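Subject: Structure for you to look at

Hello,

Please find the structure below, with its sequence. My notes on what was found in it follow.

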Amino acid sequence: MVLVSYVRDYISRMLQDISGMKVLILDSHTVSIVSVAYSQSELLQKEVFLVELVDSISKSREAMSHLKAIYFVAPTSDNIKILKRHLATPRFGEYHLFFSNILKDTQIHELADSDGHHEVVQQVQEFYADFVAIDPYHFTLNMPSNHVYMLPAVEADSKLERFRHRVVDGIASIFLALKRRPVIRYQRTSDIAKTIAQDTAKLMYQQENGLFDFRRTEISPLLLVIDRRDDPVTPLLNQWTYQAMVHELIGIQDNKVDLKSIGKFSKDQQEVVLSSEQDEFFKKNMYENFGDIGMNIKQLVDEFQHISKSNQNIQTIEDMAKFVDSYPEYRKMHGNVSKHVSLVTEMSKLVEERKLMLVSQTEQELACNGGQMASFEAVTNLLNNNSIADIDRLRLVMLYALRYEKESPVQLMQLFNKLSSKNAKYKPGLVQFLLKQAGVDKRTGDLFGNRDFLNIARNMARGLKGVENVYTQHQPLLFQTMESITKGRLRDVDYPFVGNHFQQGRPQDVIIFIVGGTTYEESRSVALQNATNSGIRFILGGSVVLNSKRFLKDLEEAKRQALLSNAN
């Protein structure tokens with residue numbers, strides 16, 4: 001069963017057992033959880049006539065006793081306070097309270113006391129869907145202050161503590177939904193991965209031991225907690241497969257793409273949904289290369305042209321866009337396809353404007369192949385090229401620095417100076433901050449395949465065979481990690497176990513959680529690995545879903561806060 005099925009199952013159980021007209025009340029986090037799993041029309045079919053946010057519904061006093069209120073919120077102290085106010089002066093006929101994670105006993109007592117006078121609460125339940133299931137094997141926690149994982153662990157830092165608690169809660173809800181208790185391992189070089197792994201083990205094996213004791217006889221699943229900084233390359237790269245490319249160039253939030261700020265799109269196209277659950281074309285093409293997507297969309301358009309006996313000759317993506325616009329009936333029949341034509345047209349424009357094919361070739365060389373002098377020359381030429389955008393210059397220097405920080409400090413300084421002179425807005429020290437956070441001395445994995453003899457041999461073989469597509473030759477470090485787990489070669493010294501709970505055999509389910517965020521390139525890697533039927537099902541989760549813009553923003557914010565705390 002895929003992740004979204006667990007969430008859909010929880011929501012269905014909430015809605016179908018309560019007959020009559022309903023209002024669904026969510027918080028800022030559960031609104032994302034529900035929106036990726038259930039469409040508005042599906043909610044209507046379940047007699048949900050109103051969807052409100054828990055904090056905004058407080059502002060209205062209008063009585064609606066004909067409606068039954070279904071709350072699905074996180075068990076935070078803020079939400080409990082709001083709920084107590086709502087129950088003290090109830091507006092709805094019935095209240096059904098569902099929480100996305102474990103409630104404390106004290107919270108249950110507080111709610112019972114608030115309902116003592118009116119007695120409108122019909123049920124209080126925990127439904128463990130405290131994660132956003134964006135793809136079949138990929139979830140996120142949508143954490144707002146994602147940068148805090150890079151800050152030094154100061155005991156009293158409440159931001160870091162909140163971050164850790166939220167991650168532990170999210171991981172716990174995944175395993176409660178799966179009804180499994182894992183064996184836990186973590187990346188040795190990351191303090192935050194270690195703390196999160198230990199806190200998770202404490203919750204599952206001590207504080208809530210009874211709740212997690214599912215009496216299962218199969219081999220325990222594996223939870224592996226790793227740190228984004230072990231592979232800082234993947235979130236810095238341009239992407240050339242469909243889903244990853246849309247997120248990199250335009251942005252995806254909760255499987256929705258906002259096109260309002262980009263061009264003049266019709267009202268129904270200003271925000272489009274990209275979901276493998278709801279869109280067959282996207283499901284088939286989400287991991288395909290950009291070139292193939294254009295061909296596949298053209299094929300669909302050609303098919304309809306044939307049906308409508310239209311003989312317009314389509315040669316370019318612009319022709320396709322014009323054709324779709326001139327056929328309102330086509331838009332009705334294939335609204336889905338017009339959405340994909342819009343996205344591909346927009347991305348083609350950005351690729352051309354930012355000279356991304358040129359940039360990406362050098363990025364891939366830096367990420368995958370050796371040759372320091374040739375790389376230095378290529379990066380220098382691109383820094384001197386006035387058509388290259390500032391963000392692309394910055395990413396190129398970062399990739400060069402990660403690759404050659406030890407080999408060529410003199411050339412690195414030249415690149416820093418060149419970057420400062422070319423980019424007025426560049427904040428000095430950001431590349432150095434990245435190296436401090438994720439340089440070679442901080443990393444566990446063999447990021448560039450040049451530490452481990454097997455990896456060096458593999459890279460040589462790949463170089464001799466040639467690569468079918470120069471733009472997609474990079475593989476995230478996660479690919480190697482999954483390979484090591486599949487072959488039983490993940491080293492205990494690099495990824496220690498927590499406590500005395502060890503793996504008894506090869507796990508059938510592995511959940512890899514990346515503190516600091518995942519990428520769509522990595523989720524593609526997981527989906528392709530699962531398609532090989534190796535006997536292990538991998539699930540990927542993280543604090544957010546990154547693109548290069550978000551990764552750089554997190555770096556900048558962490559650097560700013562680190563400077564502030566040093567000043568104090």
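**What was found**

Leaving out residues up to four places away in sequence, Asp554 touches Asn146, His147, Met150 and Leu546, where a contact means heavy atoms within 4.5 Å. The model is a predicted one, in which local features need pLDDT of at least 70 and side-chain atom pairs count only at pLDDT 80 or more, while totals for chains, interfaces and linings use all residues. Residues are numbered from 1 along each chain as its sequence is written, and side-chain values use heavy atoms, with hydrogens and water left out.

Asp554 belongs to helix H24 (residues 548–567). Helices (H or I, at least four residues) and strands (E, at least two) are DSSP runs, numbered from the N terminus. The relative accessible area of Asp554 is 4%, so Asp554 is buried. The word buried stands for under 20% relative accessible area, exposed for over 50%, and partly exposed for what lies in between (1.4 Å probe, protein chains only).

Arg166 lies in helix H7 and is also buried, at 18% relative accessible area. With neighbours within four places in sequence set aside, the contacts of Arg166 are His29, Asp130, Leu141 and Met143. Arg166 and Ser543 are 377 residues apart along the chain, and their C-alpha atoms are separated by 9.0 Å.

Leu356 is found in helix H16 (residues 356–368). Its relative accessible area is 1%, so Leu356 counts as buried. Residues touched by Leu356, not counting those up to four places away in sequence, are Asn238, Trp240, Leu249, Leu350, Val351 and Asp392. The C-alpha atoms of Leu356 and Tyr404, which are 48 residues apart along the chain, are separated by 23 Å.

**Aromatic rings**

Rings of Phe, Tyr and Trp (its six-membered ring) pair if their centres lie within 6.5 Å; planes under 30 degrees apart count as stacked, over 60 as edge-to-face and the rest as tilted. This rule gives 11 aromatic pairs. One of them joins Trp240 and Tyr471, a tilted pair with 5.2 Å from centre to centre and 45° between the planes. Trp240 is in the loop between strand E9 (222–227) and helix H10 (242–249), and Tyr471 is in the loop between helix H21 (453–465) and helix H22 (477–486), so the pair ties together parts that are 231 residues apart in sequence. Trp240 and Tyr471 are both buried.

After H22 comes Gly488, which has a positive phi, near 70°.

Elsewhere, Tyr10, Phe98 and Phe127 make up one aromatic cluster. Arg13 lies over the face of Phe127, 4.8 Å from the ring centre. Likewise, the charged end of Arg8 sits over the ring of Tyr38, at 4.7 Å from its centre. A charge counts as sitting over a ring if NZ of Lys or CZ of Arg is within 6 Å of the ring centre and within 35 degrees of the ring normal.

**The sheet**

Strands of a sheet pair through backbone hydrogen bonds, either parallel or antiparallel. Here, six strands form an open sheet in the order E6-E7-E13-E12-E9-E8, and the pairing is mixed. Its edge strands, E6 (132–135) and E8 (183–186), each pair on one side only. On average, neighbouring strands of the sheet are turned by 25° against each other, direction ignored.

Strands E7 (residues 138–140) and E13 (residues 537–542) run parallel and are joined by three bridges; two strands pair if DSSP finds at least two bridges between them. His138 has Leu540 in E13 as its bridge partner. Helix H7 (residues 158–178) packs on the sheet and touches E7, E9, E12 (509–515) and E13, and its direction makes about 165° with that of E12. Axes are lines fitted to C-alpha atoms, for helices over the stretch in contact, and angles run from 0 to 180 degrees between N-to-C directions.

**The whole chain**

The chain has 24 helices and 13 strands. Of its 568 residues, 55% are buried. The C-alpha trace spans about 75 × 70 × 50 Å along its principal axes. Among contacts with a separation of 6 or more, 80% are between residues 24 or more positions apart.

Regards
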